[in-house]
Amino acid sequence: QQEGFEFIWTSLAGTIDLAELKRVDMHTEGGCIISHAPGTGKTKLTMVFLQTYLQLFPKCLPIIIAPANILLTWEDELRKWNIGIPFHNLNNSELSGKEKLINEVDWSGNQKQNKDAIRMVKLCSWYKEKSILLISYNLYEKLAGSTAEGDGKKEKKNNKMKKKEKRARPREYIESGMGKVLCDYPGLLVLDEGHTPRNQNSYIWKVLSESRTQKRILLSGTPFQNNFLELYNILCLF
């Protein structure tokens, strides 16, 4: 665990020396892959790193991207270890009660509008306070503006707003705005089950490739296949 902790720090910040870390720019490039067998403590290691990293860089705005079912594990672990940092699961349609601006939102309207409002409150809370955002690959892909179509070989781009902005629905503007935040604002991405975006023809790979976040940690408990192209595609995400 100590070796892994120091490895992540060195890969992302270039040093583990406290005096030098104070001069490190959190926007510089950096990344690493933690590929250990299941049950060896990758989640705990990452949580301890984020806890320490946020003490030094409280405005780094980290996002953990994982399959939807794995997000439940992250929630359980964050509660269990109580690292003292709020977290917001964008896939959860319910408020935790720790979000900011809850009383400033009009909760009237239909269920879809409330769902969008809940996501906006969570995004605003994540942006305004030292916290962690959780989101699934599918939702990240959707909000960032790309969706899979057919067999995944055809690219589907959202050109409705470009063609006829006047006819665009309010929800499209909301999702587009959330997608821009997810692409432009995070200072650190943690990709759990990081072998997921290994195909350069998949939309999640393309969306992650367009993200402006320079620092990334990839976690995987699944042995990488003996496929040079897939490994190359994963490395390109860094």
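**Entry 1: α3 and α4**

I looked up how α3 and α4 sit in this predicted model: their axes are 11 Å apart and meet at an angle of about 60 degrees, so the two helices are oblique to each other. Oblique is what is left after under 35 degrees (roughly parallel), over 145 (roughly antiparallel) and 65 to 115 (roughly perpendicular). The crossing is right-handed, that is, the near helix is turned clockwise from the far one by less than a right angle. On the α3 side I found T43, K44, T46 and M47, which meet W74, E77, L78 and W81 of α4 (contact means heavy atoms within 4.5 Å). These contact residues split into 4 nonpolar, 2 polar and 2 charged.

My ground rules: numbering starts from 1 along each chain, and side-chain values use heavy atoms, without hydrogens or water. Local features need pLDDT of at least 70 and side-chain atom pairs 80 or more, while totals for chains, interfaces and linings use all residues.

**Entry 2: α1 and α3**

Next I checked α1 (residues 2-13): its axis comes within 10 Å of that of α3, and the two cross at roughly 45 degrees. This pair is therefore oblique, and the crossing is right-handed. G4, F5, I8, W9 and L12 of α1 touch α3 residues including L45, F49 and Y53.

**Entry 3: a pocket**

Which residues lie nearest the centre of the second largest pocket? They are G39, K42, T43, D192 and E193, out of 14 lining residues. By class, the lining has 3 nonpolar, 7 polar and 4 charged residues.

Technical notes:
1 Å grid on protein atoms, 1.4 Å probe; cavity = no way out; pocket = protein on both sides within 12 Å on 5 of 7 lines; lining within 4 Å. Nonpolar A, V, L, I, M, F, W, Y, C, P; charged D, E, K, R; others polar. Axes fitted to C-alpha atoms, helices over the stretch in contact; angles between N-to-C directions. Helix = DSSP H or I, 4+ residues; strand = E, 2+ residues; numbered from the N terminus.
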